[in-house]
Amino acid sequence: MAREPVKTVVRRAWTRRDALKVAPVVAASVGVAAVALNRNRAPVVEQRKGTCRFCLMHCGVVATLHDGRIEKVEGDLQSKTRGFICEHGFALRELVHSGERLKHPLVRRGDTFHEVGWDEALREIGTRLAALKATHGAQTLALQTGWPMVRHPLVGFLHRFARAFGTPHVATVASLCESTVRMGQGLTVGTKYAADVRGLKTLVVWGGNPGVTSPPMLHLIADKARTGNLVVVDPVKTHLARSASLHLSIRPGTDGALALGLIRLLDERALVDRAVLEAQSRGLAELLALCAPYTPERVAELTSVPAESVRRLAGLLAERPVAIWQGLGVEHHENGVQTTRAISALEVVCGRFDGSHEPKSELTRATSAQGVLPSLPRMHTPTPAPPEGTVTPLGGDRFPLYEAWNREAQAGVFPQAIEQGSLRALVLWASNPLVTSPDTVRLEQAFGKLDLLVVVDPFLTASARVADVVLPAGTFAESADDEVEPLVAPQGEARTDWAILRGLAVACGVGSFFPWDSLQQALAAPQTEWLTAARVQPTFEGLTETPRFGTVTGKVEFASTLLERAGHDALPVWKPPTSAPSPDFPLWLVSGPRPRSRINSQFSQSPTVMSRMREPEALVHPTVAAKVGVTDGALVDVVSAVGRISLRARVTDDVHPECVVVPSGWESANCNRLIEASRVDPVSGFPAFRSGTCRLEPHRAVSGP
Ligand code: SF4
């Protein structure tokens with residue numbers, strides 16, 4: 001049974017202890033106020049620099065503070081993003097000072113949350129975890145972090161806490177986002193690489209919308225439309241696609257077939273430097289044989305991209321240097337890893353790493369600096385490190401390469417582990433899986449079976465509302481990280497992530513592993529290499545020198561040694577999605593493109609951001625709308641095999657005629673209720689967010705539960 005979301009919060013009564021605690025502060029404040037009144041003082045105005053961490057662009061910001069309150073946020077001209085910030089960065093003020101911020105810890109009693117002090121909240125967690133550990137073992141606990149923690153140094157300390165407690169089950173947003181591309185590129189050329197757009201003649205943006213997801217890059221990318229060839233491959237004609245030299249509106253899940261067909265065409269036109277690639281790669285002949293059946297006509301049949309457009313793109317790829325920007329749209333399929341590998345192989349064939357332009361040197365630096373498979377993270381932690389233990393993180397048995405690449409659990413298997421009773425306690429840190437993870441209907445049911453659910457977040461999210469304990473966290477603006485000092489103090493009784501983690505460690509009896517007062521102190525302590533990539537062995541087999549490519553053989557691996565050993569296809573074989581449109585579900589479901597008003601489930605508390613898009617919209621092609629009897633702006637139901645949501649239809653021929661596109665991040669029309677969690681990539685465990693199936697119906701009110 002799903003847990004009932006808590007609707008009532010019982011405010012905390014003031015105790016004598018509270019009064020004693022704040023007495024000095026009150027006295028000081030009264031004193032300060034009196035002095036200020038006497039002097040008719042002006043507010044203290046200051047400027048502080050920081051970094052926006054709402055997304056991975058990490059733009060530099062300058063905040064203007066009035067008496068410790070953010071009044072204005074601007075871009076920092078001296079930062080690497082040179083003064084740019086987007087509407088989300090501007091909204092930082094609204095989120096930090098939002099009236100919806102959690103200011104006190106909450107503990108659930110029945111169907112009510114009670115505000116409690118930190119000591120009581122942490123004691124509750126510590127006591128309950130100790131009991132669960134004693135009965136079911138330490139590995140009954142898992143931790144899961146969300147997007148705001150991406151590349152945040154605290155994540156390493158969450159691993160430290162977990163291992164000290166005795167569990168290896170830590171998952172991050174890598175379970176859903178970006179790491180499939182990272183793995184596909186790494187398995188092919190030995191490292192993740194970025195598309196450095198400067199100096200390119202041809203840029204292909206494939207399954208991405210950088211105008212929304214990477215705004216500071218947009219002007220560089222859009223510039224290609226003026227100075228070179230810009231190609232966009234996407235089932236939606238995005239804003240960027242309108243300015244492109246060529247837009248290919250592709251059928252979901254068929255990107256790999258297009259990439260193989262393009263390799264075939266380039267080879268046919270003698271644009272593949274076979275002699276050089278023979279020496280530098282593994283499996284070139286097998287790759288070309290794999291591509292042979294993918295004629296432009298066959299590709300057109302599979303992808304719905306006209307054969308003439310396929311040929312035209314092959315012609316543009318002959319104009320070099322070429323790079324391909326792979327977005328999340330290529331990885332959220334059942335064939336995601338092999339799709340990203342096919343696209344990487346295409347880039348290699350296009351001379352991406354032939355030394356003629358900048359990215360080659362990036363790759364060389366990465367490989368030579370690390371001397372091992374560079375895509376594998378090498379984690380460090382202060383000495384002494386807690387024991388790594390011998391238990392494989394959840395999902396590691398089913399997705400061993402994912403576990404090796406990311407050194408963590410695959411969160412996609414958590415619902416099953418909860419259902420089977422092996423996972424009984426979960427800590428969600430800046431993570432809201434009831435909005436962001438697939439098949440949220442099943443996930444809600446699974447959460448109902450947990451003995452303890454703890455949520456650490458600045459807001460009472462959908463996931464927090466079903467928790468047993470909610471701990472109020474400061475936003476990144478209230479915490480120092482490895483680079484910057486906080487902009488403001490934590491709001492109310494909210495605490496920094498570090499303070500919460502340390503408190504949790506003490507409450508769980510592992511405080512000796514957290515002797516530092518701050519994250520900075522912990523990062524400055526002597527470090528030791530930890531959580532080594534022991535499960536992918538060995539690297540650079542038989543080679544005495546660090547090779548140019550960080551794969552096992554030191555060559556470009558069109559045929560991947562590691563995939564072969566793990567029992568997968570060594571070549572980037574294209575396989576169609578296992579569930580194609582059928583009479584019951586005749587349309588492709590593309591879920592998850594980010595609307596301007598959201599970064600995952602964040603920003604519903606910002607009036608300014610929300611004013612840009614007050615409601616989620618499903619993109620529907622006019623032919624589909626006419627067939628179903630839906631008009632522009634009408635409420636429609638999108639129905640899949642596992643769920644149903646209602647939202648407004650936007651009828652537009654910008655969308656592929658076989659697709660319905662629904663945005664991510666909305667609790668009111670949660671696209672993840674439609675996603676079948678069983679359909680995953682066999683290498684990474686990524687769900688098929690972008691190639692599900694569905695039907696469209698005029699909206700009908702659903703009564704009952
Ligand atoms: S692009 Fe926007 S959200 Fe991302 S870091 Fe920059 S200002 Fe923040």
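Why is helix α21 (residues 497-507) largely enclosed by the rest of the structure? The legends below take up this helix and then other parts of the chain.

This is a predicted model, in which local features need pLDDT of at least 70 and side-chain atom pairs count only at pLDDT 80 or more, whereas totals for chains, interfaces and linings use all residues. Residues are numbered from 1 along each chain as its sequence is written.

**View 1. The protein chain as a whole.** The protein chain holds 25 helices and 25 strands; helices (H or I, at least four residues) and strands (E, at least two) are DSSP runs, numbered from the N terminus. Of its 705 residues, 54% are buried, where a residue is buried if 20 or more other C-beta atoms lie within 10 Å of its own, exposed if 12 or fewer, and partly exposed in between, with C-beta atoms placed from the backbone. Among the contacts in the protein chain with a separation of 6 or more, 73% join residues 24 or more positions apart, a contact meaning that the C-beta atoms of two residues, placed from the backbone, lie within 7 Å.

View 2. Helix α21 is largely enclosed by the rest of the structure because nine of its eleven residues are buried. These buried residues are Asp497, Trp498, Ile500, Leu501, Arg502, Gly503, Leu504, Ala505 and Ala507. The elements that cover them include the helices α4 (118-136), α5 (154-165) and α22 (519-524), together with the strands β16 (452-457) and β17 (469-472). After α21 comes Gly509, which has a positive phi, near 80 degrees.

**View 3. Asp119 in helix α4.** Asp119 belongs to helix α4, and it counts as exposed because it has 12 C-beta neighbours inside 10 Å. Its C-alpha atom is separated by 9.5 Å from that of Pro105, a residue 14 positions apart from it along the chain.

**View 4. The shell around the ligand.** Around the ligand stand Cys52, Phe54, Cys55, Met57, His58, Cys59, Ile85, Cys86, His88, Gly89, Pro215 and Pro216, a residue being near a molecule or strand if its C-beta atom, placed from the backbone, lies within 6 Å of it. By class, this shell has nine nonpolar residues, three polar and no charged; Ala, Val, Leu, Ile, Met, Phe, Trp, Tyr, Cys and Pro count as nonpolar, Asp, Glu, Lys and Arg as charged, and the others, Gly among them, as polar.

**View 5. Helix α15 against α6.** Helix α6 (residues 179-189) packs on helix α15 (residues 336-349) at an angle of about 50 degrees, with the axes 8 Å apart; axes are lines fitted to C-alpha atoms, for helices over the stretch in contact, and angles run from 0 to 180 degrees between N-to-C directions. The two helices α6 and α15 are therefore oblique to each other, given that angles under 35 degrees count as roughly parallel, over 145 as roughly antiparallel, 65 to 115 as roughly perpendicular and the rest as oblique. Residues of α6 that meet α15 include Thr180, Val181, Met183 and Gly184, and their partners in α15 include Gly336, Val337, Thr340 and Arg341. This contact of α6 with α15 is made up of seven nonpolar, seven polar and one charged residues.

**View 6. Helix α15 against α10.** The axes of helix α10 (residues 255-268) and α15 come within 8 Å and cross at roughly 20 degrees, which means that α10 is roughly parallel to α15. In the contact, residues of α10, including Ala259, Leu260 and Ile263, meet residues of α15, including Ala342, Ile343 and Leu346. The residues of this contact comprise ten nonpolar, three polar and one charged.

View 7. Most residues other than glycine have a negative phi, and most peptide bonds are trans. Arg320 and Pro321 are joined by a cis peptide bond with omega of about 5 degrees, and Pro321 is placed in the loop between α14 and β13 (322-326). The bond from Thr383 to Pro384 is also cis, with omega near 0 degrees, and Pro384 sits in the loop between β14 (379-382) and α17 (400-406).

**View 8. Two aspartates with positive phi.** Asp67, a residue other than glycine, has a positive phi near 50 degrees, and its place is in the loop between β3 (60-66) and β4 (69-75). Asp67 counts as exposed, with 12 C-beta neighbours inside 10 Å. Asp439 has a positive phi of about 50 degrees although it is not a glycine, and it is found in the loop between α19 (433-436) and α20 (440-449). Asp439 is buried, because 23 other C-beta atoms lie within 10 Å.
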